[in-house]
Amino acid sequence: MSENGKTGTKARLYDAFAASGKALASGKRLELLDLLAQGERTVDALAKAAGLNLTTASAHLQTLKQAGFVATRREGVRIHYHLADDDVAQLFALLRKVAEAHQPAVPAARDAYLGEDTAAEVSREELRVRIAAGDVVVLDVRPVEEYQAGHIPGAISIPVEELAERINELPGDMEIVVYCRGEYCVLAHDAVRLLTDRGRRAIRLNDGMLEWRLSKLPVDASDPT
């Protein structure tokens, strides 16, 4: 049968592809994927982190689940959500980069969100070399539950909202490399500005935990230090 003779089945195939695109056509659903890329969470935790009420968060999660992007497990009365597989995180990361390259609104929105950016950055490979040399402190400024779900080996956990009060827990004579969820995460930017204002030498990892995981680099899941 010719391609023209299979018009109906071809349309159904492409409609099936489009269903995945429709599930991603919401900024809040993308934000939920960003959070789930850091580790498993309950609906309550996701709603709080994304600034949603429970009903709205549940509806978005059901849409993502129907598209096959997230999966669940039950623990008593609690439902825990997680990404269906690493390819979902890869898709999310690629979508952001493609949008930045081709969507004119993205760079301006990124700069407005992340703020003025004058801090130095370090790549994943450069950071690994410096960790091995022992000449740097690695600081994870994500919420503690995200740190516990997986972090760069040897990183210290101080959530950004606690950093001002806990800054003296960091060595004063070493450069601090800060990271958070990913390339577009504001937490690391805020932390570097705070540390610099307090006279500390601080730079940023040029992406974050999402990209670290996708690169198959070592991840530790031990308790905070």
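**Close-up 1. What lines the largest pocket, by residue class.** In this predicted model, the lining of the largest pocket splits into 13 nonpolar residues, five charged ones and one polar one. That makes 19 lining residues for the largest pocket, and those nearest its centre are D34, F92, R96, Y113 and Y184. Zoom in on these five to get your bearings.

**Close-up 2. The helices around the largest pocket.** The space here comes to about 580 Å³. Which elements give two or more residues to the lining of the largest pocket? They are α2 (27-36), α5 (86-102), α6 (105-114) and α10 (186-197). Of the elements, α2 gives the largest share of this lining, with five residues.

**Close-up 3. Inside the second largest pocket.** About 230 Å³ of space lies in this one. Its lining takes in 14 residues, with L36, A37, L83, D86 and R213 lying nearest the centre. Sorted by class, the lining of the second largest pocket holds seven nonpolar, four charged and three polar residues.

Close-up 4. Two or more lining residues come from each of β3 (78-83), α5 and α11 (209-214). The largest share belongs to α11, which puts three residues into the lining of the second largest pocket. Keep an eye on α5 here: this helix gives two or more residues to the lining of the largest pocket, and it also gives two or more to the lining of the second largest pocket.

Notes: Residues are numbered from 1 along each chain as its sequence is written. This is a predicted model: local features need pLDDT of at least 70, side-chain atom pairs count only at pLDDT 80 or more; totals for chains, interfaces and linings use all residues. Side-chain values use heavy atoms; hydrogens and water are left out. On a 1 Å grid over the protein atoms alone, a cavity is a set of points where a 1.4 Å probe fits but cannot get out, and a pocket is an open set with protein on both sides within 12 Å along at least five of seven lines; lining residues have an atom within 4 Å of a point. Grid points are joined across faces, edges and corners, and a volume is the space filled by probe spheres set on the points. Helices (H or I, at least four residues) and strands (E, at least two) are DSSP runs, numbered from the N terminus. Ala, Val, Leu, Ile, Met, Phe, Trp, Tyr, Cys and Pro count as nonpolar, Asp, Glu, Lys and Arg as charged, and the others, Gly among them, as polar.
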